[in-house]
Structure formats: structure tokens, C-alpha cells
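Colleague: I've got a model open and I'd like to learn how to read it piece by piece. Can you walk me through it?

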Amino acid sequence: MEKILIIDFGGQYNQLIARRVRECSVYCEVKPCTTPLAELKAFEPIGIIFTGGPNSVYLDAAPHIDPEIFTWGVPILGICYGCQLMAQALGGEVVPAQDDSAREYGKTLTWYDTSCKLFQGLPAQGVSWMSHSDYMAKVPEGFTLTAHSDACPNVAIADEARGFYGVQYHPEVNHTQHGSDMIRNFLCKVCGSKGDWTMGDYKRTAIASLRQKIGTGKVLLALSGGVDSSVAAALLAEAVGSQLTCVFVDHGFMRLHEGDEVENAFAHWDINFVRVDAEERFLARLAGVSEPEGKRKIIGEEFIRVFEEESKKIGRVDFLAQGTIYPDVIESGAGDAAVIKSHHNVGGLPDYVDFKEIVEPLRMLFKDEVRQLGRELGLPEYLVSRQPFPGPGLAIRIIGELTKEKADTLRLADAIFREEMAKAGEDKKLNQFFAVLTDTRSVGVMGDYRTYDYTLALRAVTTSDFMTADWARIPYDLLDRVSGRIVNEVNGINRIVYDITSKPPATIEWE
Ligand code: XMP
């Protein structure tokens with residue numbers, strides 16, 4: 001398999017570089033710049049990309065690289081810090097830009113030498129995205145200048161004989177025109193990649209290596225029914241079949257038919273599927289609790305307790321499987337941001353289960369690749385393209401105290417909303433939408449009767465990262481259909497409102 005090695009010098013766009021490479025159907029991995037050369041060599045890449053980074057190469061504390069990498073014979077593309085590092089290591093000189101005009105930030109008009117392999121077939125002029133305050137005062141021997149801007153004569157350098165290329169700008173960000181094509185040129189024209197990596201290949205390799213790692217061992221996985229845990233389960237099911245136990249805890253706050261859907265999706269694999277109907281015990285523990293963080297805490301604790309009991313029944317397991325994905329792995333440092341909502345997930349499980357090792361079969365995949373792998377494994381589309389659903393489920397979409405009746409009411413209303421959104425084709429356009437049962441009751445009239453029932457809120461958002469979100473402008477006619485159906489078909493609701501706040505200042509969920 002053709003592989004590209006991305007060496008991480010701490011730049012903020014490293015994930016994007018990996019995305020761009022994989023978009024060219026070439027497999028890649030990001031490794032820290034402190035990885036020993038022997039390990040990098042064992043990876044057997046056909047090309048290397050040095051990422052950007054926040055440092056200045058001439059400072060003692062700046063990250064460096066074993067100079068032997070330059071005699072290995074593998075082509076290298078250096079981006080920003082990576083370019084300066086390569087220049088300095090090969091005899092050039094990098095200095096702080098004295099003149100403000102030589103420090104470049106943002107969109108910069110750039111001229112490219114299209115005879116250089118990196119720019120072949122692309123326009124000779126375009127905008128590039130710069131972010132550097134250092135300057136290559138001397139270009140190393142053997143290199144030629146292959147791009148320039150008004151302020152800077154050496155925006156890009158190349159030693160084509162050795163396959164070394166450096167660019168001061170960031171080809172991986174969308175602001176750089178034809179940046180992806182430049183990366184593709186590096187992969188195909190310089191490294192000779194065929195760009196034929198497919199998810200089918202990945203599936204086969206992953207299954208073989210899981211079989212090798214797990215041997216005859218027992219594997220345990222907490223299956224939530226979300227995309228990541230479902231795909232991890234399917235991959236393991238395919239690899240080790242009956243050695244896998246999946247524990248699916250139904251806490252009573254799942255969506256309509258969700259438990260059956262998840263169970264059916266795994267029915268054709270010969271695995272040990274444990275479905276725990278724990279509605280009553282969750283409801284009992286949640287009785288009288290209306291504060292959102294209180295609900296989250298109880299559900300998180302109770303989940304661990306149920307899982308622990310189930311895993312004791314199975315006895316000692318060899319591996320605990322988790323659906324960790326690549327962005328979780330390379331997004332280093334969680335920062336000190338204030339906790340707005342504590343998210344319940346299964347991260348705390350390792351302390352409660354007796355096992356030898358953790359196995360994370362999706363560690364190297366981005367979210368959309370996980371979905372693709374799920375399709376490749378034959379999981380149904382409704383599971384694979386599912387929108388995020390919070391761990392505590394409908395419990396945080398019922399404002400105030402929780403009862404089974406309220407959960408049943410919301411389940412029905414939410415199902416109608418989702419059904420109508422799907423019929424109208426709106427479900428594919430939006431990132432998340434759902435119904436919320438408020439604790440407000442108001443007066444209504446139905447037939448000749450006065451009603452005093454609950455208000456239901458509909459929420460629909462578009463977002464790229466769930467950190468910020470816009471309320472979705474869904475058609476009035478659709479809202480009208482949803483409203484009419486819910487009020488007619490679901491007892492206990494006599495008023496529907498649509499949430500028109502973005503995030504911030506609101507959050508996506510109501511609790
Ligand atoms: P907020 O409401 O914080 O939501 O804007 C952002 C995203 O996170 C999801 N969310 C949760 N996911 N456990 C989860 O697993 C939680 O407790 C939780 N709370 C919010 C939310 O659905 C949205 O996608």
C-alpha cells in the first residue's frame with residue numbers, strides 16, 4: 001500500500017494536510033517530529049510532508065529532525081515551518097523578517113513557475129495563504145526559486161533532482177487557490193503515487209491486523225448505536241465474529257424503534273449481542289431530577305454500573321474496544337475552556353472493566369471515512385449517516401423532570417418530525433434536528449374542548465463543527481405539516497414552536 005508520512009511540527013492545519021492527502025486516495029499518517037528515524041523508515045512511505053509549526057527554526061528550543069532523513073532518498077514537501085526547517089538543514093539560512101513587508105499573513109497574490117512539478121498544469125498566478133514572520137535569507141545549494149510574491153522572492157523552492165520541495169504558504173487550506181492540486185502533484189508527479197487507496201483496501205488490511213492482534217482473545221465493546229461505535233463493532237464482528245461481545249444499554253431515552261434498529265443491523269453477524277433494557281432503573285434513579293448536569297451525571301454513572309454488571313457476567317476479557325477516531329487522536333490538548341455541558345460518553349469505562357488491552361480499530365480514520373467504512377461493511381444507511389445523538393438521549397430533550405409518559409410523548413413527536421424532514425429531503429441538508437419537550441403548558445382548544453397541554457419545540461441547525469451553528473431556514477409548509485401532524489397524532493401536546501436562535505448565544509441542545 002502506498003503511504004505518505006506527515007511529520008508534525010505542531011502546526012494548526014495538520015489534520016487538514018492529512019485530509020487533503022486522503023482526498024487524493026492516498027493513505028497517510030501523521031507522526032510527531034520526535035519519532036525516531038528507524039520508526040519512520042519502518043512505515044515505508046513513498047513521500048514525506050513536513051507540516052507547519054509555531055516556532056522559528058533558528059531558536060534552540062525549536063523542533064528539529066534527524067538530518068539523515070535527507071539522505072534516505074524519499075521525496076519531501078516542506079510546508080511553512082517545514083520548508084524553513086528543510087532550508088536550514090540543507091545549508092540555507094532562515095532569519096526573522098526585518099521588514100514588515102517580508103512578513104506575510106493572509107491571502108497573498110503569488111506567481112508560480114509551472115515548469116516545476118509541483119505547479120505543473122496549474123495557473124501561473126493565484127492567491128496563496130501565508131502565515132510566516134521568518135524569511136529564507138539564503139536558499140540552500142541545489143535549490144531553485146519556484147514561486148514569488150510582491151514581498152517575497154522565495155515563496156517556494158525546489159531541488160527536483162532530490163525530490164525536495166518547500167512552500168512558505170499553506171496549500172492545505174481552502175484560501176490557497178489550487179492548493180489541493182499542488183498536493184496532488186506532489187503525491188502523483190513527485191512521489192509517483194497511483195492514488196488508488198480505497199476503503200475496501202482499508203477494510204481488508206484492518207480486518208487482517210485485528211485478527212492478528214486479537215488472536216483467540218475475547219473483545220468487549222459498549223455499543224451506543226452512534227456511527228463510531230457501530231462501525232467499530234461491525235469491523236470487529238467481521239474480523240473475530242463470536243469472540244466479540246457488544247453491550248447495548250437502552251436507558252429508556254432512545255428514539256422511536258432505535259433499539260430494534262441497532263439490534264437488527266447486527267443480526268447477521270455471529271456475535272454475542274447483549275441488549276440491556278434498563279429503562280426502569282434509569283427512570284428510578286432520575287426521579288425528581290430536573291437539573292441538566294444532574295441528569296447527565298446520573299445517566300453516566302448508571303451506564304457504567306450497568307456495563308460493569310454485564311461485563312462481569314462475561315468474565316475476564318482480553319480487549320476493550322473503543323470507537324476513537326482520528327480527529328480525537330491528533331487534536332492534541334483539550335485546553336482550559338469552561339465546561340458548558342459535560343458530555344457523557346464511554347471514556348470512563350477502562351477503570352471499570354477487567355481487560356488486558358484497549359483496541360481502537362478506527363483510530364486512523366476521519367469521520368466521513370468511518371461512514372464510508374460502515375457502508376463497505378454493509379451497515380444500513382440510517383446507521384452510517386446518522387446525525388449526532390447525545391449519550392443521555394431524550395433525557396436532555398425533556399426539560400425538567402423526567403417520566404416515562406413524557407419520554408413516550410417526545411419519542412412520537414420526534415419521530416414525526418424526522419419522518420417529515422426525510423420525506424421533504426431536508427434531512428440531507430441539515431446537520432442536526434430534533435424535537436424538545438418543554439415544561440411549559442398552555443391553553444388550547446381542540447374541537448369544543450379547552451386543553452391545557454405541553455409546548456413542543458422543534459430545533460434544526462446547520463453547522464460544520466457543532467461549536468457554532470445556525471438555525472435552519474426550513475420551509476414554512478414543512479413546519480406546517482409537522483405541526484399539524486404532531487398536534488393531531490400525539491396526546492399531550494397542543495402548541496408547537498420553532499427555535500430561531502443560533503449558537504452562540506444558544507446551544508444546540510436545550511439542556
Ligand atoms: P451543544 O448543545 O453543546 O451541543 O451545542 C453540541 C453537540 O454536542 C451534542 N451533545 C452531547 N453529546 N452527550 C453527548 O454525547 C451530551 O451530554 C451532549 N450534549 C450535547 C449535541 O447533540 C450537539 O451535537
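Colleague: What is the order of strands in the open sheet of five?

Modeller: The general idea first: strands of a sheet pair through backbone hydrogen bonds, either parallel or antiparallel. Here the order is E14-E13-E12-E15-E16, and the pairing is parallel. Helices (H or I, at least four residues) and strands (E, at least two) are DSSP runs, numbered from the N terminus, and two strands pair if DSSP finds at least two bridges between them. The model is predicted, so local features need pLDDT of at least 70 and side-chain atom pairs count only at pLDDT 80 or more, while totals for chains, interfaces and linings use all residues. Residues are numbered from 1 along each chain as its sequence is written, and side-chain values use heavy atoms, with hydrogens and water left out.

Colleague: Which strands stand at the edges?

Modeller: Strand E14 (272–277) and strand E16 (357–359) do; each has a single partner strand, so one side of each lacks a neighbour in the sheet. From one strand to the next, the twist averages 25°. For a pair to look at, take strand E15 (residues 319–321) and E16, which are parallel over three bridges. There, Leu320 is opposite Ile358 in E16.

Colleague: Which helix packs on that sheet?

Modeller: Helix H9 (residues 292–314), which touches strand E12 (219–222), strand E13 (244–250), E14 and E15. Its direction makes about 160° with that of E12. Axes are lines fitted to C-alpha atoms, for helices over the stretch in contact, and angles run from 0 to 180 degrees between N-to-C directions. Contact means heavy atoms within 4.5 Å.

Colleague: How do the axes of H8 and H9 cross?

Modeller: The axes of helix H8 (residues 279–286) and H9 come within 10 Å, crossing at roughly 145°. The crossing is right-handed; a crossing is left-handed if the near helix is turned anticlockwise from the far one by less than a right angle, and right-handed if clockwise. From H8, the contact uses Arg281, Phe282, Arg285 and Leu286, and the H9 residues include Ile298, Phe303 and Val306. By class, the contact has six nonpolar, no polar and seven charged residues. For those classes, Ala, Val, Leu, Ile, Met, Phe, Trp, Tyr, Cys and Pro count as nonpolar, Asp, Glu, Lys and Arg as charged, and the others, Gly among them, as polar.

Colleague: At what angle do H5 and H6 pack?

Modeller: Helix H5 (residues 199–214) and H6 pack at about 65°, with axes 9 Å apart, and their crossing is right-handed. Lys203, Ala206, Ile207, Leu210, Arg211 and Ile214 in H5 meet Leu235, Leu236, Glu238, Ala239 and Val240 in H6. That contact divides into eight nonpolar, no polar and three charged residues.

Colleague: Is Ala239 buried or exposed?

Modeller: Buried means under 20% relative accessible area, exposed over 50%, partly exposed in between (1.4 Å probe, protein chains only). Ala239, in helix H6 (residues 227–240), has 9% relative accessibility, so Ala239 counts as buried. Leaving out residues up to four places away in sequence, Ala239 touches Ile207, Leu210 and Arg211.

Colleague: What about strand E10, which residues lie on each side?

Modeller: In a regular strand the side chains alternate between the two faces of the sheet. In strand E10 (residues 156–159), Ala156 and Ala158 are on one side, Ile157 and Asp159 on the other, and all are buried. Strand E9 (residues 144–149) runs antiparallel to E10, with three bridges, and Thr144 has Ala158 as its bridge partner. A hairpin of six residues links E9 to E10. E10 and E11 are also antiparallel, joined by four bridges; in their hairpin, with four residues between the strands, Gly163 takes a positive phi near 75°.
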